[in-house]
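Dear colleague,

Here is the structure I said I would pass on. My notes on what was found in it follow below.

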Amino acid sequence: MLFMFNTSDCFIASVSPVFFTGAARMASNSENTNSNIQNTQNTAETPQMLRVLGPTIVIGDFYDGYDMSYLPPRSKRSKKEEVMFIPPDECTLEELNRTINVKVYWRETSTSTFPIRMFQSIESIFEHFVKIEQINITHITLTLHGKILRPTDTPRSINYKISDFIDGKIDFYQSSISDPSKNNEAKEEKLEDDEIKIYIMQKDVRKRIFFTIKKNEKMIILYIKVSEKLGLDIEQFTLLLDGDNIKWNDTVKTLDLEGDECVQLDEKDEK
């Protein structure tokens, strides 16, 4: 079945039955419309194609045998445009690791702003107040929405929003990082239900380092975390799993990862 609606002043149907909308619009052209209906009904077996002036809305299948030659040709997207099309949920590397201004309300007296990348640690904020106050880092306490922050946290890991303010103070009696070794062990053992742990092995480095990644995230997140942690250009290294390159668009599912896998970091030779 194919129906055509003229969106200016007239209505045309190619086959019977004919449906009408907007009785008021048809009133001025009732005589022409009635004659068109009669002709259409008398020739139901052979659809009559009438010329329509103005924009036309077509309901039905474009390729069911009707002559649509009078309609303007549909625009076609070139192969190049299809290749360049980026889904709305895709983000560029710059967007994923963009720089934001992290605000700290220090000792309820002043506010300081620090430009930090989304996956960059906030250790530089701790170091800033260590230098200003001339105290040990273990006496610096930063909190966001009541949660105690650590130097290894990032804006991404603490879910920092541009409207947020981190509260900072000096605590000589009790600090969240007074015993870094115990805190690191506790943090290493605790994983969210949607996270897995991946170990990174470096050439000529005995100690492994680990990163967490959510099961629905792409491996570009792991690349960014490694880049920030080790201070490497993200374009200058590759992660290998069983000798195969891990691509940025790979996921936990496509790589069939269960957690605690060891990934080899392979730095590219500089030419």
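**Strand pairing and packing**

Strand β9 and strand β13 (residues 261-267) run parallel and pair over four bridges; strands count as paired if DSSP finds at least two bridges between them. The model is predicted, so local features need pLDDT of at least 70 and side-chain atom pairs count only at pLDDT 80 or more, while totals for chains, interfaces and linings use all residues. Residues are numbered from 1 along each chain as its sequence is written, and side-chain values use heavy atoms, with hydrogens and water left out. Helices (H or I, at least four residues) and strands (E, at least two) are DSSP runs, numbered from the N terminus.

Strand β9 (residues 195-201) is largely enclosed by the rest of the structure, because six of its seven residues are buried. Buried means under 20% relative accessible area, exposed over 50%, and partly exposed in between (1.4 Å probe, protein chains only).

These strands belong to an open sheet of five, in the order β10-β9-β13-β11-β12, with mixed pairing. The edges are β10 and β12 (244-245); each has a single partner strand, so one side of each is left without a neighbour in the sheet. Helix α7 packs on this sheet and touches β9, β10, β11 and β13, contact meaning heavy atoms within 4.5 Å. The direction of α7 makes about 145° with that of β10; axes are lines fitted to C-alpha atoms, for helices over the stretch in contact, and angles run from 0 to 180 degrees between N-to-C directions.

α7 is mostly covered, with eight of its eleven residues buried. They are Ile 220, Ile 221, Leu 222, Tyr 223, Ile 224, Val 226, Ser 227 and Glu 228. The cover over the buried residues of α7 includes α4 (93-96), β5 (110-117), β9, β10, β11 and β13. Just after the helix, Gly 231 has a positive phi of about 70°.

There are five aromatic pairs in the structure. Rings of Phe, Tyr and Trp (its six-membered ring) pair if their centres lie within 6.5 Å; planes under 30 degrees apart count as stacked, over 60 as edge-to-face and the rest as tilted. Tyr 223 and Phe 237 form a stacked pair, at 5.5 Å centre to centre and with 20° between the planes. This pair links distant parts of the chain, as Tyr 223 is in helix α7 (residues 220-230) and Phe 237 is in strand β11 (residues 237-241), 14 residues apart. Both Tyr 223 and Phe 237 are buried.

**The other five-stranded sheet**

An open sheet of five strands with mixed pairing has the order β5-β4-β8-β6-β7. β5 and β7 (147-148) are at its edges, each with a single partner strand, so one side of each has no neighbour in the sheet. Strand β6 (residues 140-144) pairs with β7 in the antiparallel sense over two bridges, and Leu 144 is opposite Lys 147 in β7. Helix α5 (residues 123-133) packs on the sheet, in contact with β4 (99-106), β5, β6 and β8, and its direction makes about 145° with that of β5.

Gly 168 is in strand β8 (residues 166-170) and is buried, with a relative accessible area of 6%. Not counting residues up to four places away in sequence, Gly 168 touches Val 104, Tyr 105, Trp 106, Arg 107, Thr 141 and Leu 142.

**Remaining ring contacts and totals**

Trp 106, Phe 114 and Phe 129 are linked into a cluster by ring pairs. Two charges sit over rings, for which NZ of Lys or CZ of Arg must be within 6 Å of the ring centre and within 35 degrees of the ring normal. Lys 103 lies over the face of Phe 165, 5.2 Å from the ring centre. Arg 208 has its charged end over the ring of Tyr 199, 4.0 Å from its centre.

The protein has seven helices and 13 strands, and 34% of its 271 residues count as buried.

Regards
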